[in-house]
Amino acid sequence: MGDHLVLCVDRLITPESLQSMQETEAAGSSGESSSQSSDPNACAIGVNEVEEHGCCDEEEPLIQTAECRICQEEDCIKNLETPCACNGSLKFAHRKCVQHWCNEKGDITCEICHQVNISS
């Protein structure tokens, strides 16, 4: 709770850099010269530095495993598919499980979302 950050559109400002900018502005208004930069756009961490340190990839899901909706076994998302338009816990299934299920019931329509042509 003690650390606060101010997020600008193109940079990240820490409390220390914000304080130094405020001190610089105060020193400039009182007529004193300062060795610090009076640039109000100065920041502690540039956008390029944040990207270099491995900013979180928003496209990569946080949870790397999911449950197959047919066999209910947990597996890596890379090994599961989305056979229809279902969402949430019903989104993922193993390809072999979907194929077996469709063969058993005799059609390729999802009983939940009613999408025809489940990828099989």
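Is C86 buried or exposed in this structure? In this predicted model, C86 counts as buried, because its relative accessibility is 6%, and residues under 20% are placed in that class.

**The cysteines**

A disulfide is a covalent bond between the sulfur atoms of two cysteines. The structure holds 0 disulfides, and C86 accordingly takes part in none, with the sulfur of C84, the nearest cysteine sulfur, lying 3.5 Å away. C97 is likewise in no disulfide, and in its case the nearest cysteine sulfur belongs to C68, at 3.8 Å. A pair of cysteine sulfur atoms has to lie within 2.5 Å to be counted as a disulfide. C97 is also buried, because its relative accessibility is 17%.

| Residue | Relative accessibility | Class |
|---|---|---|
| C86 | 6% | buried |
| H94 | 14% | buried |
| C97 | 17% | buried |
| K105 | 28% | partly exposed |

H94 is placed in the loop that runs between strand β5, residues 74-76, and helix α3, residues 95-105. With a relative accessibility of 14%, H94 counts as buried. When neighbours within four places in sequence are left aside, the residues in contact with H94 are C68, C71, E73, D75, N79 and L80. C68 is thus a contact of H94, and C68 also carries the cysteine sulfur nearest to that of C97.

**The two sides of helix α3**

Within α3, the residues C97, V98 and C102 are buried. Seen down the helix axis, the buried residues of α3 fall within an arc of 130°, and therefore they line one face of the helix. On the other side of α3, by contrast, K96, H100, N103 and E104 are exposed.

**The end of helix α3**

K105 also belongs to helix α3, and it counts as partly exposed because its relative accessible area is 28%, a value that falls between the limits of under 20% for buried and over 50% for exposed. Not counting residues up to four places away in sequence, K105 touches C110 and E111. Just after α3 comes G106, which takes a positive phi of about 90°.

Notes:
Residues are numbered from 1 along each chain as its sequence is written. This is a predicted model: local features need pLDDT of at least 70, side-chain atom pairs count only at pLDDT 80 or more; totals for chains, interfaces and linings use all residues. Side-chain values use heavy atoms; hydrogens and water are left out. Helices (H or I, at least four residues) and strands (E, at least two) are DSSP runs, numbered from the N terminus. Buried means under 20% relative accessible area, exposed over 50%, partly exposed in between (1.4 Å probe, protein chains only). Contact means heavy atoms within 4.5 Å. The arc is that of the directions from the helix axis to the C-beta atoms.
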